[in-house]
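Here are my notes for your first look at this one. Have the picture open while you go through the points.

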Amino acid sequence: MNLQRRTTLKTGASFALIAAAVSAGVLPTSAFAQWNKNAFDAKTLNDVVKAMGGTTAEKSGDIAITAPDIAENGAVVPIAVASKLANVESIAILVEKNPNALAASFDILAGTEANVGTRVKMGQSSNVHAIVKAGGKYYVATKEVKVTLGGCGG
Amino acid sequence: MSDPMRIRAQLKDGGITEVRVLMAHVMETGQRKDSAGATVPAHHIQSISATHNGKAVLSAQFGPAVSQNPVMNFSFKGGAKGDKVTVSWTDNKGGKRTDEATIS
């Protein structure tokens, strides 16, 4: 049992009540999950997995990372992650060579598809990892993205 | 305080609602220096939560590595046309914003 997930679900439930009572725009910050500072400060894949409460991440072929092979602008790299694993609880996007590896993490709640996307910054060509937590275990997939700064697509 | 989010929620085949959110935010990393050599302090979105008719469907945490004016897409089951999708974010300086869209 993941305690943090329990709390998230509880706050989610109370959020619904508050939202019904209070008009939009004045929602309390307590409705949000606590920002996981340790995970966002971690430098490597293994440290991030540990900060998220796991031990190691197993390689999986059921996770698809959609990202360009060559990104011409490292400030805006579109990355999408989809997973076919059962009972997905969260998806995290990591850029290996950034100062802090973790870029974003998503908690997948009941009814939500295990398919999310966003855009991240990349300082240089690097491996992009997707960590998927499914059924209490951590899985990882990796894709290399080259960043060209010259703009010649080399 | 900040510009409104642009949220588009569309009902697709198979009862899946696709949501795309564009948030207006500087997403300052805290690594950059200004012309005087002083570090620009980090200022980025930390937490995002999305609800469908008051029921939480997604919560996300962003680090400073997410691009300026972040885009986020996700999809969930159980939406119907006319339902409300609400997205809220908070940043590391206490800024926050909530916006709402109708599923079309």
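1. Start with the order of things: going along the sequence, chain A reads α-α-α-β-β-β-β-β-β-β-β-β. That comes to three helices and nine strands. Helices here are DSSP runs of H or I with at least four residues, strands are runs of E with at least two, and both are numbered from the N terminus.

2. A word on what you're looking at: this is a predicted model, where local features need pLDDT of at least 70 and side-chain atom pairs pLDDT 80 or more, while totals for chains, interfaces and linings use all residues. Residues are numbered from 1 along each chain as written, chains are lettered from A in the order in which they are written, and side-chain values use heavy atoms, leaving out hydrogens and water.

3. How much of chain A is buried? Of its 154 residues, 45% are, with buried meaning under 20% relative accessible area (1.4 Å probe, protein chains only). Chain A exposes about 7,600 Å², and carbon and sulfur atoms supply 53% of that; the areas come from the Shrake-Rupley method with a 1.4 Å probe.

4. Now the rings. There are three aromatic pairs over all chains, counting Phe, Tyr and Trp (six-membered ring) with centres within 6.5 Å. One of them joins F106(A) and F62(B), edge-to-face (planes over 60 degrees apart), at 6.1 Å centre to centre and 80 degrees between the planes. This pair crosses between chains, from strand 6 (residues 102–108) of chain A to strand 4 (residues 55–62) of chain B.

Terms used:
Buried < 20%, exposed > 50% of the residue type's maximum accessible area, 1.4 Å probe, protein only. Phe/Tyr/Trp six-rings, centres within 6.5 Å; stacked < 30°, edge-to-face > 60°.
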